[in-house]
Amino acid sequence: MTKEPEKSEPEKSDLDEALLSVWRQALHEHKKRVTLADDSYPVQHTAKHKLAQIDFDVAGQRIRGLEQNPATASRWAELARKGARSCNS
């Protein structure tokens with residue numbers, strides 16, 4: 001019986017790579033348009049809190065990226081700030 005080689009890092013999916021790219025371009029680099037593959041999408045801002053919002057396509061699915069309001073004081077926001085990945089954290 002042979003063992004399959006272990007992977008040091010999980011492979012990133014197209015969605016993971018797209019989300020990271022959109023985040024980096026919109027929130028870190030403050031671009032007015034984000035580029036994914038051959039397409040570009042405008043960075044819009046919500047009316048009330050001026051949070052960044054980007055609608056983009058990945059693998060045939062429409063995705064909306066929305067910046068989290070840093071002033072939100074809810075339990076869920078606190079968990080997110082601590083890096084929780086599920087509600088059981």
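How many nonpolar, polar and charged residues does the lining of the second largest pocket have? By class there are three nonpolar, two polar and two charged residues, where Ala, Val, Leu, Ile, Met, Phe, Trp, Tyr, Cys and Pro count as nonpolar, Asp, Glu, Lys and Arg as charged, and the others, Gly among them, as polar.

The model is predicted, so that local features need pLDDT of at least 70 and side-chain atom pairs count only at pLDDT 80 or more, while totals for chains, interfaces and linings use all residues. Residues are numbered from 1 along each chain as its sequence is written, and side-chain values use heavy atoms, with hydrogens and water left out.

Strand β4 (residues 52-58) and strand β5 (residues 61-66) run antiparallel and are joined by six bridges; strands are DSSP runs of E with at least two residues, helices are runs of H or I with at least four, both numbered from the N terminus, and two strands pair if DSSP finds at least two bridges between them. Val58 has Gln61 in β5 as its bridge partner, and the two strands form a hairpin with two residues between them, where Ala59 in the turn has a positive phi of about 50°.

Salt bridges (a side-chain nitrogen of Lys or Arg within 4 Å of a carboxyl oxygen of Asp or Glu) come to three by this rule. Asp55 forms one with Arg64, the closest N and O atoms being 2.6 Å apart; Asp55 counts as buried at 18% relative accessibility, whereas Arg64 counts as exposed at 53%, given that buried means under 20% relative accessible area, exposed over 50%, and partly exposed in between (1.4 Å probe, protein chains only). Asp57 and Arg62 meet in a salt bridge at 3.2 Å, N to O, and here Asp57 is partly exposed at 37% while Arg62 is exposed at 52%.

Pockets come next: on a 1 Å grid over the protein atoms alone, a pocket is an open set of points where a 1.4 Å probe fits, with protein on both sides within 12 Å along at least five of seven lines, and lining residues have an atom within 4 Å of a point. The largest pocket has a volume of about 550 Å³, and of the 20 residues that line it, the closest to its centre are Leu19, Leu20, Trp23, Leu27 and Leu66. Helix α1 gives the most to this lining, with seven residues. The second largest pocket has a volume of about 190 Å³, and its lining includes Trp23, Leu27 and Arg81.

Methods: Grid points are joined across faces, edges and corners, and a volume is the space filled by probe spheres set on the points.
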